[in-house]
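Subject: Structure handover

Dear colleague,

I am passing on the structure below, together with some notes on what was found in it. Please read the notes with the structure open beside them.

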Amino acid sequence: MKNTLLALSSVALLALASCSSKSTPTPVTTDAEGTVITEFVNVVANPDYAAINDNAVKLQAAVTLLISTPNAANLLAAQNAWKATREPWESCEGFLFGPVEDNDYDPTMDSWPLNKTDVDARLASSDVFTTSYIDGLDGTAKGFHGIEYIIFGEGGAKKATDVTAREKLYLAASTTSLVATTQALRDSWDASKGNYSATVTTAGKGSAVYKTRKDVFKAMVGAMSDICGEVGTSKMEDPYAARDSTLDESSFSHNSTVDFTNNIKGILNVYTCTYGGKTGSASLSTLVAAKNASLDAKIKTQYNAVLASFATITHTFEKAIYDQRAQVKATQDAIATLQSTLDVDLNAFVEANIKD
Amino acid sequence: MKKLTVVGVLAILVLVLSQCQKAATFPDTGYDARLSGGVATVFDITSHAFSNMFPGLSDRDQIVHAFGDAAFSKIFVTAPAPVNSGLGTIFNNNSCISCHHNDGIGLPTAGDSRSSLLVRISLPGTDAHGGPVAVPGYGLQLQDKAVYGKVPEAKININYTNTTYSFADGETYELRAPTYTLTNLYTAITGNYLLSPRLAPPMFGLGLLEAVPESEIVAMADPNDADGDGIKGKPNYVWDVATQSRQLGRFGWKANTASILTQVAAAYNQDIGITSRIFPVESSFGQTQDDGLKDDPELPDSTLNAVRFYAATLAVPARRSVTDPDAQRGEALFKAAKCAVCHRQTLTTAVNVSFPSISNQVIHPYTDMLVHDMGTGLADNRPDFLAGGQEWRTASLWGLGLFEKVNSPGYYLHDGRARSVTEAIMWHGGEAESAKVYFSKLSKSDRTLVLKFLGSL
């Protein structure tokens with residue numbers, strides 16, 4: 001999953017660290033690092049997970065309205081509500097660690113591709129689509145892409161009057177199931193529920209998962225890097241290389257480029273501790289800026305270059321892989337550049353500066 | 001640009017290492033104890049610690065590994081489909097990664113999308129190749145899921161009975177003993193059948209284990225306990241479908257699979273329902289679930305080979321705390337208890353000039369790759385080639401301390417019955433009975449040292 005550079009640089013750093021441990025004093029521990037972790041949990045992680053659930057609840061309301069009153073305005077509202085739920089979900093993939101992976105919330109909500117053969121067969125059957133029926137299905141028959149298939153249709157050509165009675169039942173139960181999963185994800189971090197937040201904030205002070213604070217920082221940087229790889233070398237590369245738009249992530253809604261952009265935005269959210277217009281009092285960025293201002297600037301510049309490159313993809317991604325190939329490739333390259341900086345430079349910074 | 005950086009990092013690494021030859025770092029053996037996988041070791045303590053490719057692969061090999069990595073994550077769907085077609089029709093899960101979460105150990109449940117436990121089935125006796133006898137209508141593995149419109153072979157029910165025991169010092173611990181029963185059989189089975197549950201194992205380091213010379217493994221065997229220490233150990237020899245020959249078994253909880261290639265192809269075929277060059281016949285062939293499609297083999301050879309390469313080139317996470325005095329005392333106790341007789345610290349891979357990453361490497365997998373009698377408590381009573389009903393291959397222990405992080409909360413042993421390393425130790429029996437008793441008689445603080453050592457792996 002990760003590249004050679006990361007591994008090599010970790011070996012180099014470890015060698016450096018073990019070599020110098022006797023000749024240089026251990027850096028003084030400050031509480032700044034603890035604050036960065038706490039602020040990440042309070043300003044980014046919890047609010048992002050809460051936003052997914054809030055928007056899923058709104059999606060459910062829009063779907064309910066679409067089902068009772070199927071007209072163009074209500075279909076558009078449901079489609080927009082789907083996209084609005086997608087946004088915080090994609091950005092939270094910038095910190096894909098903890099319950100979201102441990103409890104499989106990701107594949108439950110966002111498996112790809114859709115098992116269209118199965119879904120079509122179920123729609124053609126006389127099965128009763130209760131919520132527990134949908135809950136029991138594999139991720140490929142429900143979740144974001146199951147809902148997307150029904151409300152956008154193939155090629156995004158769905159009309160309100162096209163939504164069949166069976167599809168309405170499937171849609172209603174799928175949306176209820178999605179809301180439940182987003183709620184479980186939110187609750188898993190909620191201090192009054194699953195409280196994974198405490199697992200993170202007690203890093204190095206009794207956390208069962210994070211023996212040191214450095215563990216959390218490594219997890220954050222690792223997740224930031226991983227989503228670069230996921231977007232650049234998988235989600236974009238597969239349809240680009242094969243020149244096949246059926247390999248696009250959100251091809252029904254033509255939302256792929258927006259999905260990718262929000263994935264990458266998740267990186268900056270983590271790095272600068274920003275979410276929903278709020279910024280934490282301390283962040284990885286402030287730590288880096290205090291000791292290596294040029295690295296901080298480099299990360300931000302390279303991040304901005306990725307976003308600027310995404311903006312040059314003006315067609316749907318389904319179309320761009322055929323007629324804006326240069327722009328797609330340039331964006332992938334920009335992502336690779338950012339990933340390399342995260343893997344090598346930011347990892348090196350964490351190794352060298354986060355000691356406890 | 002990237003190459004320059006690699007060269008730069010390498011140069012720094014060489015410079016630093018060359019200035020750093022201290023006794024504290026390098027023991028008398030000349031090998032750094034942290035390098036569990038030799039040059040195929042990575043320093044990663046995150047939840048993705050098992051997902052790193054070997055350092056130093058060529059550009060071409062990196063591309064093949066990445067291709068295999070992507071294929072390992074691909075989710076299959078019901079045929080016909082434009083993308084990832086061919087799931088099932090009966091299966092255990094729909095992708096490699098959905099059982100091998102984060103390339104690690106799985107979750108011990110059966111029948112839902114998060115499940116990573118499968119159950120092998122057979123009739124008593126041996127087949128023409130000395131292996132288990134397939135059950136008519138079922139084969140050798142139960143597929144407990146099916147695509148829409150098809151019936152799973154069975155529902156697997158797992159029930160645990162909790163019992164509390166005490167260490168010699170009075171502290172209590174609990175073991176949960178599983179029982180496995182089948183309901184909803186799609187067709188009747190005549191006669192007694194044997195079941196063996198198997199949890200998806202971690203994926204890293206397999207290329208190194210495949211490269212250990214057969215002679216080195218066989219030399220550790222002591223099938224008649226000639227040295228009288230109560231510990232035997234024997235190699236399993238199995239029928240290898242890929243080479244159509246009898247080979248040393250290396251992989252699987254009973255060492256019933258000879259090579260990574262066969263393991264990967266068998267898992268595609270039996271676990272996901274994807275046919276390949278090596279297993280071109282659907283697991284549902286001849287059964288009522290068969291879809292009758294003429295789409296086999298479903299997996300391109302290039303993909304099979306890339307996934308094999310991926311599985312062979314996942315790097316081993318480095319040990320931590322090797323100079324920690326507590327971990328060192330724990331290691332001494334681990335050896336004094338004779339755990340290390342089977343959980344062999346060090347093996348050396350064969351010379352392979354075509355693949356330097358696995359050539360002549362001193363590795364620390366903590367396994368002898370032999371099967372041992374582990375007692376009645378762990379027995380599945382289902383022989384698998386030469387491995388008897390109480391015999392299991394010594395599990396490798398490298399990366400053990402990271403299981404909790406990679407696959408939280410972490411499960412252990414062949415069916416995930418153990419919820420902690422302590423429970424896993426206390427399940428040991430048979431040839432490992434005395435080692436377990438030794439551990440159970442240790443003081444609490446000494447047990448903690450052993451766990452600290454195991455946690456450093």
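The notes that follow go through the cores, a helix pair, the strands and one record annotation.

Please keep in mind throughout that this is a predicted model.

The largest nonpolar core has 116 residues, and the residues with the most contacts inside it are B:V264, B:A265, B:V307, B:A311, B:L314 and B:A315. The greatest contribution to this core comes from helix α5 of chain B (residues 260-272), which gives eight residues. Returning to chain B, and leaving aside residues up to four places away in sequence, B:V307 touches B:G68, B:A71, B:F72 and B:V264.

Helix α2 of chain B (residues 59-73) packs with helix α6 of chain B (residues 301-312) at an angle of about 100°, and their axes are 7 Å apart. Because angles of 65 to 115 degrees count as roughly perpendicular, α2(B) is described as roughly perpendicular to α6(B). On the α2(B) side the contact is made by B:V64, B:H65, B:F67, B:G68, B:D69, B:A71 and B:F72, while α6(B) brings B:T303, B:A306, B:V307, B:F309 and B:Y310.

Turning to the strands, chain B has an open sheet of three strands in the order β4-β3-β8, with antiparallel pairing. Strands β4 (141-142) and β8 (194-199) of chain B stand at the edges with a single partner strand each, so one side of each is left without a neighbour in the sheet. Strand β3 of chain B (residues 117-122) is joined to β4(B) by two bridges, and B:V119 stands opposite B:L142 in β4(B).

A hairpin is formed by β6(B) and β7(B), with five residues between them, and B:G170 in the turn has a positive phi of about 100°. These strands, at residues 155-166 (β6) and residues 172-183 (β7) of chain B, pair in the antiparallel sense over twelve bridges, and B:K155 has B:T183 in β7(B) as its bridge partner. Strand β6 of chain B is hardly covered, with one buried residue among its twelve.

Finally, an unreviewed UniProt entry places the feature "domain: Cytochrome c" at residues 325-457 of chain B. Over residues 325-457 of chain B, the chain is 36% helix and 8% strand, and the end C-alpha atoms are 15 Å apart.

With best wishes

Methods: Residues are numbered from 1 along each chain as its sequence is written. Chains are lettered from A and ligands numbered from 1 in the order in which they are written. This is a predicted model: local features need pLDDT of at least 70, side-chain atom pairs count only at pLDDT 80 or more; totals for chains, interfaces and linings use all residues. UniProt positions are given in the numbering used here, feature names are shortened, and annotations may be inferred rather than shown by experiment. Helices (H or I, at least four residues) and strands (E, at least two) are DSSP runs, numbered from the N terminus. Two strands pair if DSSP finds at least two bridges between them. A nonpolar core is a set of buried Ala, Val, Leu, Ile, Met, Phe, Trp, Tyr and Cys residues joined through C-beta atoms within 7 Å. A residue is buried if 20 or more other C-beta atoms lie within 10 Å of its own, exposed if 12 or fewer, and partly exposed in between; C-beta atoms are placed from the backbone. Two residues are in contact if their C-beta atoms, placed from the backbone, lie within 7 Å. Axes are lines fitted to C-alpha atoms, for helices over the stretch in contact, and angles run from 0 to 180 degrees between N-to-C directions. Angles under 35 degrees count as roughly parallel, over 145 as roughly antiparallel, 65 to 115 as roughly perpendicular and the rest as oblique.
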